[in-house]
Amino acid sequence: MLSNHLLPLSFLLPALATAAPGFVAYKELTCQDPIDIFADGEPIPDNKLKIDRAITDWDSHAGGRYYDNLTFPDAAISGDDNGVAGTQFIYWGVEEPDPGCQFIMMKDTQFGWQILNKMPGTEILRVAKEGCYYTPLTAHDGLITSYCCGQGDCSIAEVEIQSNPPKDAVSGEPPACTIKSSSASPTIEDGQQIAITRPQTCEAAPACTHSIQLSTTVTTAVAHFNSYTWTSEMGTEISFESGIDFIGQDKMSSTMSSSLAQSWMQETGSTVTVGNITAATEGNRQMPGTVAFYSFVPHYECWKADMDCGKDSDGNEVVLERISFCQPRLSSTGEADGIFRMVYISE
């Protein structure tokens with residue numbers, strides 16, 4: 001426990017809060033010996049990364065507060081973490097979040113994220129209680145701090161819990177849609193972070209390793225940020241909810257997502273793509289005295305278009321705007337391309 005922690009921030013009444021909470025950097029697991037933090041060569045006041053922006057605050061703050069090019073000159077060098085030499089031991093003192101809230105730390109990403117993801121970075125730490133928590137970092141990493149409150153918002157950050165796909169209901173055969181206008185070339189995007197092992201408590205080495213026992217897959221995806229409901233000229237009732245739908249071979253059925261995916265595959269000359277995440281050699285060590293799970297962030301190539309889906313029962317043209325079609329990037333051996341991360345959490 002921390003000896004001098006700040007009072008919890010009231011996220012509902014921010015004007016009354018005396019100070020924003022934050023992640024305070026320390027050298028060791030008791031959080032008694034603070035270390036300096038520099039961002040772009042400038043010292044961070046009080047060695048604290050502020051937590052004052054919500055994970056759902058996409059429009060004005062892109063889901064969090066960003067800290068670029070961080071260095072920790074006095075942090076101990078671990079020598080190795082996930083095969084990266086020079087990783088530093090960083091511990092974070094964290095105060096108690098408000099009831100129902102969690103504090104989140106993410107690594108910044110070099111790719112896009114707003115098509116297949118609601119988190120602006122790769123989660124490496126998420127806590128719901130006061131304490132001293134470990135993260136492995138390398139010099140010049142970029143970090144993002146954020147918070148969530150309530151089950152709905154926090155479900156974005158709880159990547160170890162699988163979310164339900166959007167509702168996609170068609171009373172008959174879905175209309176055949178065509179691409180009306182589209183992007184000239186794909187963008188590289190981060191997919192949703194996936195937990196590939198269960199959370200475990202590490203009491204002491206050498207038992208603190210994570211190995212993937214079962215193969216996990218990533219697949220073709222259709223993403224859309226508007227909901228649509230209409231009746232086609234043929235009398236088919238269609239309800240297409242905003243969200244992200246992952247299309248496997250077993251899902252090429254009578255749904256709008258599969259119909260849109262089929263149109264895109266004809267346009268791009270591709271098929272439903274499935275990438276494996278076996279990573280038998282990627283089993284990673286967990287720091288003793290922590291709770292964590294192992295995760296994977298797949299990389300995708302995404303195209304965006306407006307789709308013409310014929311006319312409704314009143315004769316009006318139905319255009320679905322800004323529909324994204326995404327294919328997982330694969331290695332030459334069929335493995336999904338992406339990044340593995342250990343995610344540390346509170347008990």
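## His224 and its neighbours

Beyond the residues within four places in sequence, His224 is in contact (heavy atoms within 4.5 Å) with Phe240, Glu241, Ser242, Gly243, Ser257, Arg322 and Ile323. This is a predicted model, in which local features need pLDDT of at least 70 and side-chain atom pairs count only at pLDDT 80 or more, while totals for chains, interfaces and linings use all residues. Residues are numbered from 1 along each chain as its sequence is written, and side-chain values use heavy atoms, with hydrogens and water left out.

His224 sits in strand β17, residues 216-224. Helices and strands here are DSSP runs numbered from the N terminus: H or I of at least four residues for helices, E of at least two for strands. Is His224 buried or exposed? His224 counts as buried because its relative accessible area is 1%; the classes are buried under 20%, exposed over 50% and partly exposed in between, with a 1.4 Å probe and protein chains only. The side chain of His224 also reaches the backbone oxygen of Glu241 at 3.1 Å.

Gln102 belongs to strand β7 (residues 101-108) and is buried, since its relative accessibility is 11%. Lys129 is 27 residues from Gln102 in sequence, with 7.7 Å between their C-alpha atoms.

What does the side chain of Gln102 pair with? It makes a polar contact with the side chain of Glu158 at 2.9 Å. Such a contact is a pair of N or O atoms within 3.5 Å; within protein, one must be able to donate a hydrogen and the other to accept it, and residues adjacent in sequence count only if both atoms are side-chain atoms. Glu158 lies in the loop between α2 (151-154) and β11 (168-170). The C-alpha atoms of Glu158 and Gln102 are 10.0 Å apart, with 56 residues of separation along the chain. Leaving out residues up to four places away in sequence, Glu158 touches Gln102 and Arg126.

## Thr145 in strand β10

Thr145 is part of strand β10, which spans residues 141-149. With a relative accessible area of 0%, Thr145 is buried. Its side chain reaches the backbone oxygen of Lys50 at 2.4 Å.

## Two positive phi angles

Most residues other than glycine have a negative phi. Asp46 has a positive phi near 60 degrees, and is placed in the loop between β3 (42-43) and β4 (48-50). Asp46 is exposed, because its relative accessibility is 67%.

His140 also has a positive phi, near 80 degrees. The loop between β9 and β10 holds His140, which is exposed at 53% relative accessible area.

## Cavity and pocket

On a 1 Å grid over the protein atoms alone, a cavity is a set of points where a 1.4 Å probe fits but cannot get out, and a pocket is an open set with protein on both sides within 12 Å along at least five of seven lines; lining residues have an atom within 4 Å of a point. Grid points are joined across faces, edges and corners, and a volume is the space filled by probe spheres set on the points.

How many cavities of 30 Å³ or more turn up in the whole structure? The search finds 1. The largest cavity holds about 30 Å³ and is lined by Trp113, Asn117, Met119, Gly121, Thr122, Asp190, Gln193 and Val297. The second largest pocket has a volume of about 380 Å³. Its lining has 20 residues, with Gly131, Cys132, Tyr133, Gly289 and Thr290 nearest the centre. Strands β9 (131-137), β23 (290-311) and β25 (338-345) each give at least two lining residues, and β9 supplies the largest share, 4 residues.

## The whole chain

The protein has 3 helices and 25 strands, and 48% of its 347 residues are buried. Of the contacts in the protein with a separation of 6 or more, 78% join residues 24 or more positions apart. The protein exposes about 16600 Å², of which carbon and sulfur atoms supply 49%. Accessible areas come from the Shrake-Rupley method with a 1.4 Å probe, and for residues only the protein chains shown count as cover.
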